[in-house]
Amino acid sequence: MSDSSKTGPVDVSAYLDMFTEQLEKLYGESPHEKGDAMYHGAQSTSMSEEEYKEFHHRRKVRTLELVRHLKDQLDILSQGVEARDTGAFDEDDEDNVYEKTADRDAQFRQLSGFTIATLETVKDYFSWSTVQSQWASDISAFSDEMGAEGSTDELLRNNIFGKSDSEYAIDNLSLGDYGENGPSYGTFLEMLILKLNQALLSTVTNLVIHTMNANDIPSVDKIFDSEIEVESYAEAAMEFLKHPEAFAAIDFSISDAKAEEIHTSLLTIEWMTKRLNATLQALPLGKGEYKVNLSDVESHVPTNSFQPRKTFENLGMWPLSRSESWQSLSELDLNNWIGPEQHSQRMDCSESLHKILYRDFTDFIQSIGYQHKKVTGYDGAKRVKPSLKLFSWDERDCKYRADATLFFYNAACPISQSEMRIAVTSNAIFSYSMTIHAGLELFGGNASSEGNDSLQVREKTEQFVKQLFEEFDEYQRQDGLLKNSKFDAGTILQLQTKQRSFDDMILTSSKRQLLDENIFALLSNSSRLVERGVETNRGVMLAGPPGVGKSLTIDAIISEANCTVVFTNFASLSKIMDEIFHLSRRYAPTILILEDIDALGITNQRGEFGSGAGLSTLLNHMDGISNNNGVITVATSNHPENLDWALIARPGRFDVRIDYPYPDKAMLLSILKLKLKPFPCDSKLNLDVLVETMPLGFTGSHIHDIVNQANYISVNNSKQDAKDIVITQESLASATERSLYNFKKFLDERPHVVLQNPPTAQEVLKGKNSNNSFFQ
């Protein structure tokens, strides 16, 4: 044969002739004509053991000879590659490079084909294989067919799923084909499922083809009302299966008898399909059928019925991001936690109430057995750590996350009566709200649920969320943070009162009785009053000039009240009046404090000097359609004479008015004694002398300031220990003189001011009627 060290052109044609002649002498036929007959023929012939050994020896000798020839062929091909000339072609050149190269290329192509045929013959020598490898090879080939690239139109012209000339092993299976050396269970079931897929896809494809032919429909888009874009035959057939409703409008004209027969057959097929699926699902296959472990934070609810073990988008549980910036990572988490079919419902609130709503709902959900499994925040397609804030309420540190989603689990939810997962989204960006998400999958729904089944599952899920909201509403009314709390309605912060009680003030017995009967007795007897059908809402107006004890009375009411207290001032009342009364009703029994109601501008008969809108709203809330049972409204006014009659002179709004006039001499003396009680005092004090200098208009606030100033003077003039310093007559007289100067200066600058009865400011300054007649 040729020398491998030889360089330059070789006579390939001569070699091919010589090689073919030798093979014909050796085998009687060329290798590319032999096929499998030479090596497999012996298996169909009965021969003895000695004959089979002799036959096998001849096969080995001949195959070795072919391998040696292959080495020569590859050597010649190598020389041909090295010697091939690809220079410029000149048609006038008698040694035309083009013609020579083309002729030589043809010879080498023939040699390459001959070499391939020889390799195939050598390949057939290694002929033994297991049933398992044959089936695995079939699965690979079959999968390639199923996933072959192709369009919808190509599938409809050639239904590849309906081939009847299949040569796969499973199509010709019979008892006794193999024993324990057959394919593994996994391989067998893999092929079985592929064949089931083929049958389903072939059936629906044939249905579409016949529908188009029988109804002269030119394009499949006319059936499905949209263009179907796919990349493979399998995807095209799957799209047909996704839209069963498209066939409902097609005319299938058949007789009633035939329709009944077909319906019976369909029911049989449905039963058979369900039983086959149950049989396959029951097989003990590795981990078996995928079942979500709801208590495991890393276990997902199936989002794809064909691939239940895969998470949504196959990104796993709690990935750090999604591939596209516009995609929502919260959607992915919700799909994995409760399934892709969901029902969500939102609770809205004001900014100041959001932290209360957050804390109350998380407390409620945990009170009925839900465990907090995961909390996360989002920035579009990315996961972020949610911010955590703490606020104090009733000496409790409360956690609050303004923007976060919390994932909860309950082993035995009392509302659904089953194991349950939910998700709760706290939102403080576009609105202040809490949104509850429940998954239809957890109530028996899935991607394959259709018609009435799907509707029933959705209704069941919606009813669950509705009941959850209703039970939370009741929980918040009875056990929420605001229940029996004392807070400012504008800021939703707890009141930091001075803890002053009625013992810290001088109050006439008639005033105290009115407060007891219209506030505290009403609260303590509310249940019995309701039982008798008596309304328990009440309006109490504390009226009088500044400094006469209205605020002190409010402090005492707040301190001694054993119920919800909602405090509001002009600024809050003018902005959020609806919310203030809503809170008061929600957490009743409630004492609603409306401080300085004059500032609303609802004076002089419905807005003569104000807008009137505030009054209308206030009137409706106090005695309108809404039931105010359990709400006791206590308001303060410096100028009750200017308030609109509809507010002040009508029962059902402010039923009781308690007037606080300027204190008389006896009252001023009692107040002075009360204010001095906590401090060491000189035993020779003459308080009557001091009180006699106090004119009408002097109030408890003035006396409070006098006692404070007396303390400043006494401490400044003494080097003793603080506890040993006594308040003297001189310090009190000096403090009284200073207070009188300020008060008289105030009146001198306001000659128009009318105090009461009425003395004018000038009369007070000139000392007229100093016999105390102004106090009558």
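**Group meeting: a sheet, its helices and some salt bridges**

Let me start with one pair of residues. Thr 405 stands opposite Thr 425, which is in strand S7. Keep in mind that this is a predicted model: local features need pLDDT of at least 70, side-chain atom pairs count only at pLDDT 80 or more, and totals for chains, interfaces and linings use all residues. Residues are numbered from 1 along each chain as its sequence is written, and side-chain values use heavy atoms, with hydrogens and water left out.

Now the overall picture. The protein has 27 helices and 15 strands. Those elements are DSSP runs, numbered from the N terminus: helices are H or I with at least four residues, strands are E with at least two. There are 776 residues, and 41% of them are buried. Buried means under 20% relative accessible area, exposed means over 50%, and partly exposed is in between, with a 1.4 Å probe and protein chains only. The areas are Shrake-Rupley values with a 1.4 Å probe; for residues, only the protein chains shown count as cover. Take the contacts with a separation of 6 or more: 72% of them join residues 24 or more positions apart. A contact here is heavy atoms within 4.5 Å.

Back to the strands. S6, residues 404–413, pairs with S7, residues 418–428, in the antiparallel sense over eight bridges. Two strands count as paired if DSSP finds at least two bridges between them. Which strands make up the open sheet, and in what order? There are six, running S1-S8-S7-S6-S2-S3, with antiparallel pairing. S1 (342–348) and S3 (382–384) stand at the edges with a single partner strand each, so one side of each has no neighbour in the sheet. From one strand to the next, the twist averages 30°.

Two helices pack on this sheet. Helix H12, residues 329–338, touches S1, S2 (371–379), S3, S6, S7 and S8 (432–439), and its direction makes about 165° with that of S7. Helix H13, residues 354–367, touches S1, S2, S6, S7 and S8, and makes about 30° with the direction of S8. For these angles, axes are lines fitted to C-alpha atoms, for helices over the stretch in contact; angles run from 0 to 180 degrees between N-to-C directions.

A hairpin next. S4 (389–393) and S5 (396–400) pair in the antiparallel sense over five bridges. Lys 389 has Tyr 400 in S5 as its bridge partner. Two residues lie between the strands, and Asp 394 in the turn has a positive phi of about 50°.

On to charges. How many salt bridges does the structure hold? It holds 20. The criterion is a side-chain nitrogen of Lys or Arg within 4 Å of a carboxyl oxygen of Asp or Glu.

Glu 331 and Arg 322 meet at 2.9 Å, N to O. Glu 331 is partly exposed at 38% relative accessibility, whereas Arg 322 is buried at 8%. Glu 313 joins Arg 322 and Glu 331 in a network of salt bridges.

Arg 538 pairs with Asp 655, with the closest N and O atoms 3.7 Å apart. Arg 538 lies in strand S11 (538–543) and Asp 655 in the loop between helix H22 (645–648) and strand S15 (656–659), so the pair ties together parts 117 residues apart in sequence. Both are partly exposed, Arg 538 at 30% and Asp 655 at 26%.

Lys 258 and Glu 261 meet at 3.6 Å, N to O. They are three residues apart in H11, so about one helical turn separates them. Ile 262 is also found in H11. Ile 262 is partly exposed at 37%. With Ile 254, Leu 266 and Ile 269, Ile 262 forms a nonpolar surface patch of about 350 Å² accessible area together. Patches take residues with over 30% relative accessible area and no salt bridge; like charges are joined within 9 Å, nonpolar side chains (Val, Leu, Ile, Met, Phe, Trp, Tyr) within 5 Å.

Is Asn 628 buried or exposed? Asn 628 is buried, at 6%. Asn 628 sits in the loop between helix H21 (613–623) and strand S14 (631–637). Asn 537 is 91 residues away along the chain, yet the two C-alpha atoms are separated by 5.7 Å. Leaving aside neighbours within four places, Asn 628 contacts Asn 537, Arg 585, His 621, Met 622 and Asp 623.
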